[in-house]
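Please open the structure in your viewer and keep the selection tool at hand. The tour below moves from one selection to the next and says what is found at each stop.

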Amino acid sequence: MKRLCFLTFALLATFGVGAQHVADLEKTILGVHRETGMQHGMLAVSVYNITKGHEVYSYNSQLSMTPGSVVKLFTTGVGFARLGSDFRFTTQVGIRGTIDRDGVLHGNIYLIGGGDPMLGSYRYRQTTPDSLFDGWTRALKKKGIRRVDGRICYHVGVFDEQPLHDSWTWGDVGNYYAAGVSGLNFHENMYFVYFNPSTKLGYPASSVRVSPKNINVTGVCEVTTGPEGSGDNVTIYGSPTTGERLYRGTVPQGKKDFAVRGSLPNPAKHCADLFASYLRTHGISISSNSMQVYTEPDSLRIVLDYYSSDYYTIAQYTNLTSNNVYAESIFKYLGYRKFGKGTFVNGSKVVTDYFKEKKLNVGGVKVVDGSGLSQQNRVTADFVCRYLMAISKESFFNDFLRSLAKVGESGTAKNILASLPVGTSVRLKTGTMEGVKAYAGYIDAANGDRLAFTIISNGHEVSNAVAGEKLNKILQKVVAIY
């Protein structure tokens with residue numbers, strides 16, 4: 001197995017790195033790469049000492065590889081640099097027309113999307129659809145509106161109307177994690193479908209309901225009943241522009257009303273339609289159906305500027321839970337902020353421009369989306385470490401660092417390592433997709449040194465769970481270097 005750019009033990013000794021620990025790391029990496037199911041794939045490792053400013057270890061670190069969700073390190077980091085920790089997405093509620101003495105708005109209500117990924121999220125009490133719509137309704141009532149002789153119009157022009165990247169897999173895009181983004185996101189662009197399994201293994205399960213209620217989604221159910229404890233093994237197929245869905249796979253026996261998350265088609269329209277329905281049941285009638293508009297109208301009076309949580313909170317949630325809708329919203333908003341339109345291409349330009357600003361050699365690097373769903377994304381392990389070094393010198397670094405999962409405590413990193421040396425802390429981002437497993441982040445060693453590390457496996461023939469166990473062995477040895 002060829003080793004690229006491996007530092008000699010003599011050189012390492014001058015850097016204060018224990019030669020035996022490095023020898024153990026080398027042995028572990030070579031052993032992992034030779035194991036059945038790993039030997040035909042690519043494995044790369046890079047470690048830098050940020051404190052002392054030098055490379056510590058390199059194994060195939062110049063190979064161009066698919067990183068999965070490690071891409072979110074770029075998206076959130078550049079977001080901190082270009083937007084700032086205190087930035088908030090803004091959604092505007094406006095009206096156009098006249099309000100007569102009877103409280104009738106002769107005109108339309110407008111929802112102007114600002115790319116907020118948290119709008120109507122079910123995860124937080126203050127962002128649920130009912131909480132969201134209650135605030136909007138109260139703002140309209142304060143203007144004296146009791147009836148609308150018109151409709152709700154929605155505008156999504158902050159982003160383009162390509163919610164999905166061309167390279168995303170068809171088997172992904174009907175599922176919640178590949179929902180794509182809109183200029184007016186809603187409910188994290190996802191919905192719940194609930195299944196009742198059969199009492200008999202292998203027999204058909206039934207889909208019984210969806211939520212939020214009143215959404216326009218219909219499904220053909222080909223889901224069957226799996227063993228108890230087998231979890232969610234349902235794949236949802238469907239376009240982002242239509243409400244037809246096909247459900248295939250299994251749900252576990254013995255779990256009545258089992259929830260599965262799917263991608264919500266046309267979230268902007270659903271937001272407008274459900275808001276109209278809410279108004280009708282809370283004292284404001286509307287005469288016409290909702291409609292998309294493609295330009296913001298003249299003479300629009302803003303009734304309410306609705307702000308998201310701050311960017312730090314959004315970035316933290318993005319990295320800790322690896323939420324793709326949040327990541328793509330940041331990515332496209334970066335493109336909007338600089339170029340006036342949120343697109344995948346413009347988001348990519350902003351991220352790449354940051355790399356160039358920091359004088360990072362981008363050979364072997366390609367970033368096409370913000371979440372890492374695309375197999376077209378490419379990085380080298382060496383590049384990721386050099387990027388992490390550059391970020392560590394930024395004024396916002398502490399916020400960025402706290403957005404990463406802490407090994408042994410939080411998010412996707414909770415159970416990665418069995419133990420850590422006393423006084424050592426590890427924060428990282430994981431990446432997982434078909435044939436891809438990756439870790440990248442920081443180690444704060446007991447001696448006060450800070451390291452950046454990247455470990456990537458591509459093309460392994462074992463499950464990602466098993467591949468993760470192999471990478472855990474390598475990371476354990478990286479931690480032990482100091």
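Begin with the aromatic side chains of this predicted model, among which the count of ring pairs comes to 27. Select Phe80 and Phe400 to see one of them: the ring centres lie 6.4 Å apart and the planes stand at 90°, so this pair is edge-to-face. Because Phe80 belongs to helix H3 (residues 72-82) and Phe400 to helix H11 (residues 397-402), the pair ties together parts that are 320 residues apart in sequence. Phe80 counts as buried at 3% relative accessibility, and Phe400 is buried too, with a value of 0%.

Next, select Tyr333 and Tyr336, an aromatic pair of the tilted kind, with 5.3 Å from centre to centre and 55° between the planes. Both residues lie in helix H8 (residues 324-339), where they are three residues apart, about one turn of the helix. Tyr333 counts as buried at 11% relative accessibility, whereas Tyr336 is partly exposed, its relative accessible area being 31%.

Now move to strand S18 (residues 436-444), which is largely enclosed by the rest of the structure, because eight of its nine residues are buried. On one side of the pairing, strand S17 (residues 425-433) runs antiparallel to S18 and is joined to it by nine bridges, with Lys429 having Ala440 as its bridge partner in S18. The hairpin that S17 and S18 form has two residues between the strands, and Gly435 in the turn has a positive phi of about 75°.

S18 also pairs in the antiparallel sense with strand S19 (residues 450-458), again over nine bridges, and here Asp444 has Arg450 of S19 as its bridge partner. Five residues separate the strands in this hairpin, where Gly448 takes a positive phi near 100°.

Finally, select Asn472, whose place is in helix H12 (residues 464-479). Is this residue, Asn472, buried or exposed? At 16% relative accessibility, Asn472 counts as buried, and, leaving aside its neighbours within four places in sequence, it is in contact with Ile416, Leu417 and Tyr439.

Notes. Residues numbered from 1 in each chain as written. Predicted model: local features only at pLDDT ≥ 70, side-chain atom pairs only at ≥ 80, totals over all residues. Heavy atoms only, no water. Buried < 20%, exposed > 50% of the residue type's maximum accessible area, 1.4 Å probe, protein only. Helix = DSSP H or I, 4+ residues; strand = E, 2+ residues; numbered from the N terminus. Pairing = 2+ DSSP bridges. Contact = heavy atoms within 4.5 Å. Phe/Tyr/Trp six-rings, centres within 6.5 Å; stacked < 30°, edge-to-face > 60°.
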